[in-house]
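Here is a short report on one protein chain. Have the sequence and the model at hand as you read.

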Amino acid sequence: MQQIRRLVDVALRRKALILFCTLLGVSLGLAYYLTQPKIFQSTALLSYQQQRINPSEMSPDVVSRIQETVNTTTQIILSRSSLEKIIADLGLFKESENPPSVEAQVQALRQNINVQRSSRDDTFSISFSGRNPSQVALVTNSLAARFIEENLQYREERAQETSLYTQDELNMAKEMLDQLEAKMRDYKLAHFNEMPEQREGNLTRLNSLQEQYQGRQDSIQDLERTRVMLQEQINVRRQLLAENARLRQNQLQPQTPVTAQPETQQERLARLQTTLQQLLGRYTERHPEVKQIRREISSLEQSIEQNLGEAADSTASASQRQPSGGRQFDQELFDLQIQLKDIGLNIEELNKERVELKAAIEQYEQWIAAVPEREAEWSALTREYAELRRHYDELVSQNLQAQSSLNLERKQKGSQFRIEDSARVPEKPVSPVFVKIMALALLAGAGVGGVLAFGLNMLDTSLRSPADFENLFQQEVICSIPYLPLKRETRREHLWSIAGALFFVVYGAAIVAVIFYTWKQGHIIV
């Protein structure tokens, strides 16, 4: 509240400065308004009439055609030849002592013309701005009339051109379309499995084949591990049999030290299978090392099977001579050998299936790999076909409608524009606006005066109240003596007040008188 009082006190103390700046701003605004040329604007409203034969509601296609027609006709109206004809017919720029060049006249006229769509889809307005009100209305009506005339002429010419064009192009488009359709049919039959629409099915089938292939691979690996374990069990069993036989024969002989034995066939087979699994993790079946390891494994397996057959025969003959306990142990060894042979047969069958799956996978991969190339080729064919088909359909439709459209345009029963509201002589200028300019000048003057008043107050270092003294010196004021001016000071201040009031009254009256006089003379239009 105290701050507001201080602001009001500053405003009252500097009221003369604020009032002077306000009146100065008003006078400058009035001078600006009087020196600016008065611009008048006249507007004509036109509407789009659909065909009177079989009328229908506005559709998005019709709306787009209206916009296209308005834009095309606007370009024709704003062309150099059209504007030169309007200037010559209406005698524009003849009143000026030094008329500009024809190019400058056309440019000036074009800048003052404005064609604008309204909120409705079937109406638009034509506006023209200038200094002469009657001339502005005359030019606007002339533009509206030429807009309708040029639109009718343009529509008739376009109908004739469309009829001739569609008649000449239709047969050629049909022949090209037939040739392209035959080419597309032959191409699709030749590359059916590689077409883009088959890609999803091929991918699904490829994923299924890969899963089956991986399943066979996993099964083979499991069987290989099982065969290795069975082989180890057989070797352990044989070693036990041999050890038991040796102990029975040499019960009384001392044991000889165990020497290092060479690598058996089963141990080498296990080592080779382990190496094969490691190589398959890094290479494919076609790699030379993988093929070499598989040949060694196959040769070693055949050698082991022969040895197993001979050992089985010898074990069977020996089992006849052994007691019942030995016969049970030999039977278990025989069962292990039978399981080993079954696993070998299963591995061989799985390898055959894996080879077949690999061939099928490669075939599907080739089909899928060819899809981008076929897709690009097919896209080129279909893109050309779609454009040609669309062009052909348009030609057929235009060929059927060309003659009827031409007859409608010639009889002026087709779609056209109509003047709904002709241009009138404007009574008020659109620029400058007196009330707006004076209001802005008043606010600007008052604002500048206020800024100057508060700026001078900030530069003033005098103490005007006990509170200012206390804030400055940090001392409490016990009492204060009011300012007692002398008689001559009072008289001088009174004279300055009268002079200032008289000055502001005269200044304000002069502004009001000028406004009233110029308004009577017609220079100010509110």
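What is the mean pLDDT of the chain, and what share of its residues reach 70 or more? The mean is 77, and 82% of the residues reach 70 or more.

## Model and confidence

This is a predicted model, in which local features need pLDDT of at least 70 and side-chain atom pairs count only at pLDDT 80 or more, while totals for chains, interfaces and linings use all residues. Residues are numbered from 1 along each chain as its sequence is written, and side-chain values use heavy atoms, with hydrogens and water left out.

pLDDT is the predictor's confidence in each residue, from 0 to 100. Confidence is highest in H2, at a mean of 88, and lowest in H9, at 67. Helices (H or I, at least four residues) and strands (E, at least two) are DSSP runs, numbered from the N terminus. Two stretches stay under 50: residues 53-62 and residues 254-261. For residues 53-62 the model has 8 contacts (heavy atoms within 4.5 Å) beyond four places in sequence.

## Helix H14

H14 covers residues 487-520, which makes 34 residues. The expected span of a helix is 1.5 Å times one less than its number of residues.

Phe504, Tyr507, Gly508, Ile511 and Thr518 of H14 are buried. Buried means under 20% relative accessible area, exposed over 50%, and partly exposed in between (1.4 Å probe, protein chains only). The buried residues of H14 pack against helix H2 (15-35). After H14 comes Gly522, with a positive phi near 90°.

## Two cavities

The structure holds 2 cavities of 30 Å³ or more. On a 1 Å grid over the protein atoms alone, a cavity is a set of points where a 1.4 Å probe fits but cannot get out, and lining residues have an atom within 4 Å of a point. Grid points are joined across faces, edges and corners, and a volume is the space filled by probe spheres set on the points. The largest cavity holds about 110 Å³. It is lined by 10 residues; closest to its centre are Arg227, Gln231, Glu301, Glu305 and Leu340. Helices H7 (199-249), H9 (288-321) and H10 (324-369) each supply at least two lining residues. H9 gives the most, with 4. By class, this lining has 4 nonpolar, 2 polar and 4 charged residues. Ala, Val, Leu, Ile, Met, Phe, Trp, Tyr, Cys and Pro count as nonpolar, Asp, Glu, Lys and Arg as charged, and the others, Gly among them, as polar.

The second largest cavity has a volume of about 40 Å³. Its lining includes Gln217, Glu224, Leu276, Arg294 and Arg354. H7 and helix H8 (265-280) each supply at least two residues of this lining. H7 gives the most, with 4. The classes are 3 nonpolar, 3 polar and 3 charged.

## A cis bond and a buried arginine

Most residues other than glycine have a negative phi, and most peptide bonds are trans. Ser431 and Pro432 are joined by a cis peptide bond, with omega about -5°. Pro432 sits in the loop between strand S4 (416-421) and helix H12 (434-459).

Is Arg374 buried or exposed? Arg374 is buried, because its relative accessible area is 15%. Arg374 belongs to helix H11 (residues 371-410). Leaving out residues up to four places away in sequence, Arg374 touches Tyr187, His191 and Glu194.

How values were computed
On a 1 Å grid over the protein atoms alone, a cavity is a set of points where a 1.4 Å probe fits but cannot get out, and a pocket is an open set with protein on both sides within 12 Å along at least five of seven lines; lining residues have an atom within 4 Å of a point.
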